[in-house]
Amino acid sequence: MVRIPVIDFTNFTKGNAANQQVVIKQIYEACHEIGFMYLQNLGISKDLIKEVFNHSKYFFNLPLEVKQKQAWSDEFSNMGYVGIERERLNPNQPGDLKEAFNVNKQAVGIDSSLVTFYDNCTELANTILQAYALALELPEDFFTIRHNQQNHTLRLLHYPPLQTPPQPGQVRAGEHSDYGSITLLFQDDIGGLEVQTASGEWIVAPTIPDTVIVNTGDLMQRWTNHQFCSTKHRVMIPSDNRMNQSRYSMAFFCHPNDDTEIACLESCQKEQSPIYPPILAGEYLLQRLQATYGNS
């Protein structure tokens with residue numbers, strides 16, 4: 001049975017060289033084997049996380065016509081409110097039973113707690129990217145200098161209670177991989193997140209208190225020639241009474257600078273020649289967003 005590992009990040013941020021090497025090895029193994037991990041002790045205040053969750057609940061409880069005034073309009077900005085069933089993360093299935101609100105660095109001034117949270121997530125992502133670089137035998141700042149324009153997206157997510165039976169194949173979030181380099185995921189305790197293992201088995205990724213889920217995205221997979229895997233995941237509809245409860249989560253999608261060329265790293269070509277041709281990070285993101293929204 002494959003399990004998603006739980007890693008104490010304090011040993012990287014505050015540990016000695018030997019402790020840091022242990023964490024770097026743990027991160028490499030997690031990224032290589034399943035692409036997901038739980039990180040503990042990340043330095044983001046519990047009160048701040050709670051405040052942002054409360055802000056999210058307040059926003060999604062607003063009348064639809066109010067939310068639609070800030071509607072998502074195009075994949076170039078990728079900002080604003082996305083209504084229920086507007087998005088289909090699995091393009092072959094009906095629209096997802098969720099609504100979302102996307103925020104970037106330019107639009108983050110909506111609420112002070114969101115600004116602080118966005119900045120905290122940016123700082124944390126940079127530290128994790130340093131660990132990724134060291135795990136790949138690269139200079140510590142290899143990834144951070146390629147993410148310094150902060151092209152990240154904070155996405156507030158709400159999965160509403162089911163009022164009517166879903167369509168065949170319809171779930172809360174269809175199976176997909178994330179588009180960027182890494183994702184930080186904060187979730188409540190309602191559950192539903194599932195991760196696909198290398199053998200094709202779906203395993204539950206429950207909430208573990210005081211942890212953040214970190215997963216590898218497509219561009220990191222391309223960069224590393226599949227040494228780090230971008231794993232399919234989905235949010236299913238619970239079979240018990242939790243289907244009648246709202247589920248909330250917050251995802252911080254970490255993207256390289258648009259003009260960064262994502263080409264196979266030399267250190268990842270020892271066992272296999274490059275799988276993908278080079279592509280600019282911004283071009284890849286546009287392609288994926290167009291596929292996600294093109295049929296809805």
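## Ground rules

Residues are numbered from 1 along each chain as its sequence is written. In this predicted model, local features need pLDDT of at least 70, side-chain atom pairs count only at pLDDT 80 or more, and totals for chains, interfaces and linings use all residues, while side-chain values use heavy atoms, with hydrogens and water left out.

## Cavities

The count comes to 2 cavities of 30 Å³ or more. A cavity is a set of points, on a 1 Å grid over the protein atoms alone, where a 1.4 Å probe fits but cannot get out; lining residues have an atom within 4 Å of a point. A volume is the space filled by probe spheres set on the points, which are joined across faces, edges and corners.

The largest cavity has a volume of about 410 Å³. Its lining holds 31 residues, and Leu-89, Arg-155, His-176, Asp-178 and Phe-253 are the closest to its centre. Two or more lining residues come from each of β5 (153–159), β6 (173–176), β7 (182–187), β11 (233–235), β12 (247–254) and α7 (281–293). Helices (H or I, at least four residues) and strands (E, at least two) are DSSP runs, numbered from the N terminus. By class, this lining has 14 nonpolar, 12 polar and 5 charged residues. Nonpolar covers Ala, Val, Leu, Ile, Met, Phe, Trp, Tyr, Cys and Pro; charged covers Asp, Glu, Lys and Arg; the others, Gly among them, are polar.

The second largest cavity holds about 30 Å³ of space. Among the residues that line it are Arg-222, Asn-225, Cys-264 and Tyr-276. Its lining divides into 6 nonpolar, 1 polar and 1 charged.

## The largest pocket

The largest pocket has a volume of about 580 Å³. A pocket is an open set with protein on both sides within 12 Å along at least five of seven lines. Its lining has 25 residues, and Ile-49, Phe-186, Pro-209, Asp-210 and Thr-211 lie nearest its centre. β2 (36–40), α3 (46–60), β7 and β10 each give two or more residues to this lining. The largest share, 6 residues, comes from α3. The classes are 13 nonpolar, 6 polar and 6 charged.

## Strand β7

β7 is largely enclosed by the rest of the structure, because 6 of its 6 residues are buried. Buried means under 20% relative accessible area, exposed over 50%, and partly exposed in between (1.4 Å probe, protein chains only). Ile-182, Leu-184 and Phe-186 point one way; Thr-183, Leu-185 and Gln-187 point the other way.

Strands pair if DSSP finds at least two bridges between them. β7 runs antiparallel to β10 (residues 211–216), with 4 bridges. There, Thr-183 has Asn-215 as its bridge partner. β7 also runs antiparallel to β12, with 6 bridges. Leu-185 stands opposite Ala-251 in β12.

## Helix α2

α2 (residues 17–33) has 17 residues. Its buried residues are Val-23, Ile-24, Ile-27, Ala-30 and Cys-31. They sit on the same side of α2, because they cover an arc of only 130° around the axis. The arc is that of the directions from the helix axis to the C-beta atoms. The face turned away from the buried side carries the exposed residues Ala-18, Gln-21, Lys-25 and Glu-33.

## Loop residue Met-243

Met-243 is found in the loop between β11 and β12. At 26% relative accessibility, Met-243 counts as partly exposed. Its C-alpha atom is separated by 39 Å from that of Gln-149, 94 residues apart along the chain.

Key: Expected span 1.5 Å × (residues − 1).
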